[in-house]
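Work through the exercises below with the sequence and the structure in view. Try each task on your own before you read the solution under it.

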Amino acid sequence: MSRVLSTEQAKSAIGQVQSIVNGGFTDQIAALDAQGKILSDPNVWDGPLAAQFRGSTWPETKAALDRAREELEQLRTQLQKISQDIFSAGGGA
């Protein structure tokens, strides 16, 4: 039989990770996206380095941010399910 353990410390850490994902971190990714869109407008910022930003730097960065957001959402969902399963099996809340 495999061991199943979930302490209050684990429950607290899961809550903290979910809080970071739900609030601060995903909000920061959205804020970065908004600023990247502004800087990608040649009517706002132009020149050789701005063109490089629009053409490669920002699209690559935005794709990485989108992947990070998706992975964080998956992490949050997995933690929620794992937490519920463990605490249900152990009789915890």
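This is a predicted model: local features need pLDDT of at least 70, side-chain atom pairs count only at pLDDT 80 or more; totals for chains, interfaces and linings use all residues.

**Exercise 1.** Determine in which helix Q18 lies, whether Q18 is buried or exposed, and which residues Q18 is in contact with once its neighbours within four places in sequence are left aside.

*Solution.* First locate Q18, which lies in helix 1, the helix that covers residues 8-39. The relative accessible area of Q18 is 12%, so this residue is buried, given that the limit for buried is under 20%. Finally, with the neighbours within four places in sequence set aside, the contacts of Q18 are R76, L79 and Q80.

**Exercise 2.** Describe the setting of L65: which helix holds it, whether L65 is buried or exposed, and how far apart L65 and T26 are in sequence and in space.

*Solution.* Start with the helix, which for L65 is helix 2, made of residues 48-90. The relative accessibility of L65 is 16%, and therefore L65 counts as buried. Now compare the two separations: L65 and T26 are 39 residues apart in sequence, while their C-alpha atoms are 9.5 Å apart in space. To complete the picture, leave out residues up to four places away in sequence, and L65 touches I29, L32 and W58.

Key: Residues are numbered from 1 along each chain as its sequence is written. Side-chain values use heavy atoms; hydrogens and water are left out. Helices (H or I, at least four residues) and strands (E, at least two) are DSSP runs, numbered from the N terminus. Buried means under 20% relative accessible area, exposed over 50%, partly exposed in between (1.4 Å probe, protein chains only). Contact means heavy atoms within 4.5 Å.
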